[in-house]
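Visitor: Please take me on a close look at a single part of this protein. I would like to know how that part sits within the rest.

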Amino acid sequence: MISQRLANILADSFTKILIPGLTMTIPLTVLSFSFALIIAVIVALIQYAKIPVLKDLARFYIWIIRGTPILVQLYMLFYGLPSLGIILNPFPAAVIVFSINEGAYAAETMRSALESIPKGQIEAGYCTGLSYLQIIRRIVLPQAFRTAFPPLSNSLIALVKETSLAANITVVEMFMTTQRIVARTYEPLALYCEVGLIYLFFSTVLTKLQAAGEKRLNRAGY
């Protein structure tokens, strides 16, 4: 049975945890994922077009980012760069790291989606008088995004949970807020379960939106 004291702590902490979730965790996720998509499309298109030198740089970027832990990347940017005279505030630093990290994974998703488009469609685009850039914008990318939509949505859901790592560079998001309450109340199990349920709620909402988005794409015939 939950004691009255614990029930009061959970009731009092719920809003204190939820508010940073809405004002810090969600904005951090949305900004990071938006920038990551931009990075992903650029890097994927470079590989798809097989641009000399830039393709090798793109592969190197993906290799480095996917081969190192995101926590190490956070520490290098936030705690390492000050030794070079570069000081970043916690939130922008987190956005940069999450964007670059997620961009590498999303770039591979987009690359595979681009390569799944039949080459005949590009040839057909040339036959209609479209330029290469017009073919990419009007024919290739719309179909690639439809193919990539489910895995990219999964990446977004994963990113919501990964933002908890931002607590390690003093971003006051949901997890750090919970840690502070735990330090004051000495109720780690209940409070970490509570924040876990809030993360679960956010992920469930995104899962529902993902399903709705897939149905809409299927109805639109993209």
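Guide: Helices (H or I, at least four residues) and strands (E, at least two) are DSSP runs, numbered from the N terminus. The span expected of a helix is 1.5 Å times one less than its number of residues. This is a predicted model, in which local features need pLDDT of at least 70 and side-chain atom pairs count only at pLDDT 80 or more, while totals for chains, interfaces and linings use all residues. Residues are numbered from 1 along each chain as its sequence is written, and side-chain values use heavy atoms, with hydrogens and water left out.

Our part is helix H2, residues 54–67. H2 has 14 residues and reaches 20 Å from its first C-alpha to its last, close to the 20 Å expected at 1.5 Å a residue. An α-helix has 3.6 residues a turn, so residues three or four places apart point the same way.

Glu108 forms a salt bridge with Arg59, the closest N and O atoms being 2.8 Å apart. Since Glu108 lies in H4 and Arg59 in H2, this pair ties together parts that are 49 residues apart in sequence. A salt bridge here is a side-chain nitrogen of Lys or Arg within 4 Å of a carboxyl oxygen of Asp or Glu. Glu108 counts as buried, at 11% relative accessibility, whereas Arg59 is partly exposed at 32%. Glu108 has another partner in Arg111, with 3.1 Å from N to O. Arg111 and Glu108 both lie in H4, three residues apart, about one turn of the helix, and Arg111 is partly exposed, with a relative accessible area of 22%. Salt bridges that share partners join Arg59, Glu108, Arg111 and Glu115 into one network. The whole structure holds five salt bridges.

A nonpolar core is a set of buried Ala, Val, Leu, Ile, Met, Phe, Trp, Tyr and Cys residues joined through side-chain atoms within 4.5 Å. The largest one has 43 residues, of which Ala94, Phe98, Met110, Leu114, Val140 and Ile169 touch the most other members. The largest share, eleven residues, comes from H4. A second, separate core of 14 residues includes Leu10, Val182, Ala190 and Val195.

Leaving aside neighbours within four places in sequence, Phe98 is in contact with residues including Leu28, Ser32, Ile70, Leu74 and Ala166. Another buried spot is Thr25, which is found in H1 and has a relative accessible area of 0%. Beyond four places in sequence, the contacts of Thr25 are Pro20, Val160, Thr163, Glu173, Met174 and Tyr199.

Finally, the wider setting. The protein has eight helices and zero strands, and its C-alpha trace spans about 75 × 50 × 25 Å along the principal axes. Of its 222 residues, 40% count as buried. Among contacts with a separation of 6 or more, residues 24 or more positions apart account for 77%.

Key:
Buried means under 20% relative accessible area, exposed over 50%, partly exposed in between (1.4 Å probe, protein chains only). Contact means heavy atoms within 4.5 Å.
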